[in-house]
Amino acid sequence: MLPEDLLLLFVNEQTGHVLAGPETVTNALSGGMLAELVHSGRLGYDPHAKQLRIADPTPLPHPFLHESLTRLHVPLTPRRAVSRTRRYVRDTVLTGLEARGVLTTQKRIFGGFVIRDAGAVREVRTATGSVLFGHRSPDVRAGTLISLLHAVNAVHKVFGGPEHELTARAKQIADAQSPAVVAIHAAVVAEMVVAKVAATSEGRLLR
């Protein structure tokens, strides 16, 4: 599932340390959940109305995905969908990964994990990194993951290396995604801007 893969990308497989802040990770996960619903055929995107709509109401076998779909109350803009999804997506994704035995949280604090299945973390990182570094052509899944990392400006944090070059490569991959994923990418970027402004304003008030 895309949001689970995203969270694994944000985790250092040796230390379990999270490679970005909570706002960054949560916004990316929200975009990942919406993209997964699009890829599953349940959500469609109307580029004229610029809204996400139900494309197929058939219940999903994955309970977390189906729950997310029922919470959206579509049609709505991708920006509104990201905002709604981010309220619960972090706990949903953590619960899924813990149930799979991939990782557990350290003292229930979002910021560090105990890795139970390093192979699962390594598999996602290798598959996505091979696309980012040009070793294989982008597929839908890796392309979407890179697009969402790019949306939260975290590609270089996750994979290391020169920020400018990695960002340029990620942008190229992100721009080539489907209209729905491009719209979700833009919505995540907008949420990141809001979070940054809010953090800046709060910092000024505390001075």
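1. Glu 13 sits in the loop between α1 and α2 (helices here are DSSP runs of H or I with at least four residues, strands are runs of E with at least two, both numbered from the N terminus). Please keep in mind that this is a predicted model, in which local features need pLDDT of at least 70 and side-chain atom pairs count only at pLDDT 80 or more, while totals for chains, interfaces and linings use all residues. Residues are numbered from 1 along each chain as its sequence is written, and side-chain values use heavy atoms, leaving out hydrogens and water.

2. Is Glu 13 buried or exposed? Its relative accessibility is 17%, so Glu 13 counts as buried (buried is under 20% relative accessible area, exposed over 50%, partly exposed in between, with a 1.4 Å probe and protein chains only). Not counting residues up to four places away in sequence, Glu 13 touches Ile 115, Val 121, Arg 122 and Arg 125 (contact means heavy atoms within 4.5 Å). Val 25 is 12 residues from Glu 13 in sequence and 16 Å away in space, C-alpha to C-alpha.

3. Now to helix α1 (residues 2–9), where eight of eight residues are buried.

4. How do α2 and α3 pack? Helix α3 (residues 63–72) meets α2 at about 95 degrees, with the axes 10 Å apart (axes are lines fitted to C-alpha atoms, for helices over the stretch in contact, and angles run from 0 to 180 degrees between N-to-C directions). Met 33, Leu 34, Glu 36 and Leu 37 of α2 meet Leu 65, Ser 68, Leu 69 and Leu 72 of α3.

5. Lastly, Thr 105 lies in strand β3 (residues 103–106). Thr 105 is buried, at 12% relative accessible area. Outside four places in sequence, Thr 105 is in contact with Leu 94, Glu 98, Gly 112 and Phe 113.
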